[in-house]
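Reader: I would like to know what the labels on this fold rest on. Please set each value against its definition.

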Amino acid sequence: MTNVDFWFDPLCPWAWMTSRWMLEVEKVRDVKTTFHVMSLSVLNDGRDLPEEYQQHMLEGWVGVRAALLVEQEHGSDKLREFYTALGTRYHLGKEPKTVETVRAALAEVGLDESLAERADAWKPGDEADELDVALRKSHHEGMDPVGDEVGTPVIHINGKALFGPVISPAPKGEAAGRLFDGFSLMTEYDGFFELKRSRTVGPIFD
């Protein structure tokens, strides 16, 4: 079995697309994906951002902190379930990035809704709480090996950390498996760093 570690922020539609691809890969390849939490809000903390994007980062804290609480208290498999519930609401349902949406996603997967309030108890500018410290630790475990020029998604496979793949829409069936085969092969070469072209479509959810 190939073990893949996947770092995501529930806020990011591109991470969502890649996560749906990895779930498809598991159906056609002997692969196990372990989900971990990174944070775009942590990544962009202290950066000079446009006001609209800064507001987007502020909205991101509650979802990502709730995700980490789920992982801490219920494990990676439950985190996977919660991410599916929250990401479906965020990206397909276009629900607001609020405590109420997080609470509904928690209830959907049978978790205590009060985790949402615990996730929302800290605000930027407050003294760091235990969850903030743990979030930054998880973030850096995923992001430091891939460098500081990227965001999410990040995948660790075969001892290598890579940003991406950035895909739209997420392939299904054997097409998903073949994309994974190629992605996995690239990680085998220590000198591989980058492939890229301009995006011509946005996230296509299906």
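Author: A crossover counts as right-handed if, with the strands pointing away from the viewer, the path from the first strand over the helix to the second runs clockwise. Helices (H or I, at least four residues) and strands (E, at least two) are DSSP runs, numbered from the N terminus. This is a predicted model, in which local features need pLDDT of at least 70 and side-chain atom pairs count only at pLDDT 80 or more, while totals for chains, interfaces and linings use all residues. Residues are numbered from 1 along each chain as its sequence is written, and side-chain values use heavy atoms, with hydrogens and water left out.

Reader: Which elements make the right-handed β-α-β unit?

Author: Strand β1 (residues 2-8), helix α1 (residues 13-28) and β2 make that unit.

Reader: What makes β1 and β2 a pair?

Author: Two strands pair if DSSP finds at least two bridges between them. β1 and β2 have 7 bridges, in the parallel sense, so they pair by that rule. One of the bridge partners in β2 is Val37, which faces Phe8 in the bridge list. β1 also pairs with strand β3 (residues 154-157), in the antiparallel sense over 3 bridges; there, the partner of Trp7 is Val154.

Reader: Why are β2 and β4 called edge strands?

Author: The open sheet of 4 strands has the order β2-β1-β3-β4, with mixed pairing. β2 and β4 (160-163) each pair on one side only.

Reader: Why is strand β2 described as largely enclosed by the rest of the structure?

Author: Buried means under 20% relative accessible area, exposed over 50%, and partly exposed in between (1.4 Å probe, protein chains only). In β2 (residues 31-37), 5 of the 7 residues are buried, so the strand is largely enclosed.

Reader: How do you know whether His36 is buried or exposed?

Author: His36 lies in strand β2. Its relative accessible area is 16%, so His36 is buried. Contact means heavy atoms within 4.5 Å. Not counting residues up to four places away in sequence, His36 touches Asp5, Phe6, Trp7, Phe8, Glu71 and Leu79.

Reader: Why is α3 called roughly parallel to α5?

Author: Axes are lines fitted to C-alpha atoms, for helices over the stretch in contact, with angles from 0 to 180 degrees between N-to-C directions. The axes of α3 (residues 51-74) and α5 (residues 99-108) come within 9 Å and cross at roughly 30°. Angles under 35 degrees count as roughly parallel, over 145 as roughly antiparallel, 65 to 115 as roughly perpendicular and the rest as oblique. That makes α3 roughly parallel to α5.
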